[in-house]
Amino acid sequence: MKQSTDFLKMKQNEEKITMITAYDYPTAKLVEHAEVDMILVGDSLGMVVLGYESTVAVTLEDMIHHAKAVKRGAPNTFTVVDMPFMSYHISKEETMHNARRLIQETGAQAVKVEGSGEVIDVIKFLTNAGIPVVAHLGLTPQMVGVLGGYKVQGKTTEAAQKLVEDAKACQEAGAMALVLECIPRQVGKIVQETLTIPTIGIGAGVDCDGQVLVFHDLVRYGVDRLPKFVQAYADINESITTAVKQYVSEVKERKFPSEKHTFTMKEEELTGLYG
Ligand code: KIV
Ligand code: NA
């Protein structure tokens with residue numbers, strides 16, 4: 001398995017880093033097999049597989065439950081788990097306790113936290129305690145209530161400047177990598193060039209050191225509308241709908257199950273049965 005420092009080397013060698021979300025065992029197994037560099041057990045699971053309105057409803061127990069399944073499926077892939085809403089804001093003790101559970105109970109390699117300000121201290125003390133931390137700036141979905149929706153961030157000179165300063169603070173605090181979400185390509189490039197730690201973009205342009213996408217978006221599974229920054233490489237919605245419709249109609253038409261799906265007993269046994 002790659003170590004947190006291997007991603008630093010990948011940046012130095014200008015080798016792009018691939019990251020993808022996984023929330024369950026079969027997905028984790030498939031993405032490990034496809035040789036992705038890093039898995040993210042994102043709190044996006046709240047919306048994508050639990051049907052919540054936002055990531056705000058996601059609990060620590062939800063994250064642990066899903067991360068355990070992911071690690072069973074991808075034991076050999078560096079896995080980052082999101083610390084969910086309000087799990088790193090109450091107190092240092094509670095943050096430590098929650099991060100410890102996410103790492104020890106699931107077998108994940110790192111945690112991810114959103115934002116700057118007070119969160120910079122969180123990055124610092126978790127890193128000092130031996131927990132690798134991925135930072136996350138730009139559009140930070142746990143702040144959706146404050147940001148007033150999912151919008152591109154860092155579009156003005158001041159906002160971009162603040163983002164670059166925050167990015168430097170994350171690095172200085174010890175973050176092993178930085179996720180940049182929904183920012184102009186130019187800002188992504190400046191941050192990429194400014195930092196020595198890898199930047200992993202989602203809607204942040206091609207210049208980031210790596211890219212991350214939500215698995216369900218990438219294969220179009222259960223999602224209707226895709227954001228501008230997503231490329232769907234498959235259409236699982238279509239495959240599933242076609243398959244399920246065919247199953248329904250074949251059952252109705254008595255075509256399924258056919259002979260090859262059917263168990264039979266010997267004729268003489270059957271005779272015995274009826275006396
Ligand atoms: O939860 C998530 O999937 C994320 C990525 C979008 C970076 O945080
Ligand atoms: Na997230």
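Two residues count as touching here if their C-beta atoms, placed from the backbone, lie within 7 Å. Keep in mind that this is a predicted model.

Start with helix α6, residues 118-128, and pick out its buried members: V119, V122, I123 and L126. They sit on the same side of α6, because they span an arc of only 100° around the axis. An α-helix has 3.6 residues a turn, so residues three or four places apart point the same way. Now show what covers those buried residues: α5 (92-104), β4 (110-114), β5 (133-138) and α8 (157-173) are among the elements there.

Next, select V133. Beyond four places in sequence, its contacts include I123, L126 and T127, along with A110, V111, V113, G174, A175 and M176. V133 is also one of the four residues, with I39, V111 and A175, that touch the most other members of the 68-residue largest nonpolar core.

Now for D43, D82 and E114, which an unreviewed UniProt entry annotates as "binding site". They are spread over 72 residues of sequence, yet they cluster in space, with a largest C-alpha distance of 11.0 Å.

- D43: find it in the loop between β2 (38-41) and α3 (45-48). It counts as buried because it has 31 C-beta neighbours inside 10 Å. Its contacts beyond four places in sequence include D82 and P84.
- E114: look in strand β4. Outside its sequence neighbours within four places, E114 touches H136, T140, Q142 and M143.

Last stop: ligand 1, whose surroundings include D43, D82 and E181. The shell comprises five nonpolar, three polar and three charged residues.

Definitions and conventions. Residues numbered from 1 in each chain as written. Chains lettered and ligands numbered in written order. Predicted model: local features only at pLDDT ≥ 70, side-chain atom pairs only at ≥ 80, totals over all residues. Near = placed C-beta within 6 Å. Nonpolar A, V, L, I, M, F, W, Y, C, P; charged D, E, K, R; others polar. Buried ≥ 20, exposed ≤ 12 C-beta atoms within 10 Å, placed from the backbone. Helix = DSSP H or I, 4+ residues; strand = E, 2+ residues; numbered from the N terminus. Arc of directions from axis to C-beta. Core = buried A, V, L, I, M, F, W, Y, C linked by C-beta atoms within 7 Å. UniProt positions renumbered as here; feature names shortened; annotations may be inferred.
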